[in-house]
Amino acid sequence: MAAAGRRCSTGFTRRLHSTSSGPAPGARTNWCQNVDFKHKRFVTPEDLTELQATVAAAPQVRVLGSGHSFSAVCSSEHTLLSMAYMRKVLEVDFVSDNETVVFMEGGATLGDVVRHLAPRGMALKNIPSLPHVTIAGALATSTHGSGLHPSAPGSIASMCTQIDFVTHDGEVCSYRRAEDAEFAASVVHLGALGVVAKIGLDVVPAYNVDQRVYQSIELDRMLPQFEALARSVDSLTVGINFGQQVGLTWLRYFDGGITPPASDMTLGGEPRHEPIPFYESHQGVTPTCKGPWHDVPSFFMEGMQELNMPNTAMQTEYFVPLSLASSALQAIREVAACWEGWPTSESWTDLNSSVPVFHCEVRAIAQDGLRGLAPFGDRESCSIHFTWGNWDHKERIVEMVKEVEAVLRQYQARPHFGKFNLMSSEEVASVYPKDRIEEFKELCVKHDPVSKFRNQLVQEQIYGGDPTHSARSMSDLYY
């Protein structure tokens, strides 16, 4: 029987360094400013010993990550911990002829990992569009790219080989994919299992991406064929403006993956060779091109460097079974087409802070076999994402989110826990197998019998409302 996680005490001393009374500058809100952090202490440990001491001494702890979240997942009522000084990429381990793993500290971002691997001729199997996020945060919320094939799975969590947590008493608990039975339930952890100190990810040889972008896609032709389209490429992103009833498709073919066809699936569009304007970065996203694995699929990376994102925008996302994708998208289309405020053009004058809803992005993600709260564990999925305006549009955004959730309820939609949603614990439980929710709760008890890592979001969405927490509903988590 596989080991149930390795606990190892290192005889740490209780030394608290780099602390300040909070909220500290730079940690008052999340990136999109819809969550007002109310922590009492802001802590930035510089090594594992300090991290262990901080966690052991604190009555309640949450980790900030990069702060690029749209839900209250990072919020803490006492100690907010930043891993900004623990973000080193540690080593690359050539385990065997068929297995290579990169190890990093818990504060490392996707950009950090890219800059370590690419000059050494190595790569991750797939990446999401945003390189600013920490790997630990991406695992915690199952942040993803797009891909259905084993050689290029969309789920970052599927690439995880090892994850080490500092648990409630400051000890380290380590899980390895090949050895530990509880590994599968620990990867997508919502920050409820402790502070991630170390991560291992699968590595492959570097590759190039042939990206073909088509604009003016006819939704009547594309939506019914979404699953077939997703299976015909290594990675697919679809961008939709339901107000204008048009779409863009990013079709990506990876070296060594699916062979690019002479002509792509006909959906009534035309090739796009000019960058696509994006509000958040106020820059253009890569159009039809060929290039390295890290720049081409990413919307916000150029030359291995993260693009600045001066404009804030809210995000919401749900995962439905891939087999139901076309029906779900058609149902969303009927509702979203009635919303006022969609951009009427791509001009920068029309992409501004007065816009309440910018676009819908759709991707496909492979089943990853993980357990617990992993949304892709038991099914291939279609992700339906909305980029809203900034939080000045709070009332409109809440109304639209409620409409989206009402529509997707019949399609077994699971929430992206790092993005704004209003699903209750009962609704979350209804779309996961019961044994998986219970399995995750049991792991929480093992790691955290005193509920040190359980914040309001975890309480409301996993356990249900509790009188010891001030939030009365999901909407009460957001000011």
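Author: Gladly! This is a predicted model. Let us begin with E306, which has a relative accessible area of 25%.

Reader: What makes E306 partly exposed?

Author: Buried means under 20% and exposed means over 50%. The 25% of E306 lies in between, so E306 is partly exposed. R115 is also at 25%, so R115 gets that label too.

Reader: How do you know that E306 and R115 meet in a salt bridge?

Author: A nitrogen of Lys or Arg has to be within 4 Å of a carboxyl oxygen of Asp or Glu. For E306 and R115 the N to O distance is 3.0 Å, so the pair counts as a salt bridge. The two partners are 191 residues apart, with E306 in strand β20 and R115 in helix α2.

Reader: Which residues join the network that holds E306 and R115?

Author: Salt bridges with shared partners join R87, D112, R115 and E306. The whole structure has 23 salt bridges.

Reader: What makes R272 buried or exposed?

Author: R272 has 7% relative accessibility, and the cut-off for buried is under 20%, so R272 is buried. The side chain of R272 meets that of E346 in a salt bridge of 2.9 Å, N to O. R272 sits in the loop between β15 and β16, while E346 is in the loop between α7 and β22. E346 has a relative accessible area of 36%, between the two cut-offs, so E346 is partly exposed.

Reader: How many disulfides does the structure have, and why is C160 in none?

Author: The search finds zero disulfides. A disulfide needs two cysteine sulfurs within 2.5 Å, and the sulfur of C160 is 13 Å from the closest one, in C173, so the distance is too far for a bond. C444 is in no disulfide either, with the sulfur of C173 as its nearest at 12 Å.

Reader: Are C160 and C444 buried or exposed?

Author: C160 is at 0% relative accessibility and C444 is at 5%. Both values are under 20%, so both residues count as buried.

Terms used. Residues numbered from 1 in each chain as written. Predicted model: local features only at pLDDT ≥ 70, side-chain atom pairs only at ≥ 80, totals over all residues. Heavy atoms only, no water. Buried < 20%, exposed > 50% of the residue type's maximum accessible area, 1.4 Å probe, protein only. Helix = DSSP H or I, 4+ residues; strand = E, 2+ residues; numbered from the N terminus.
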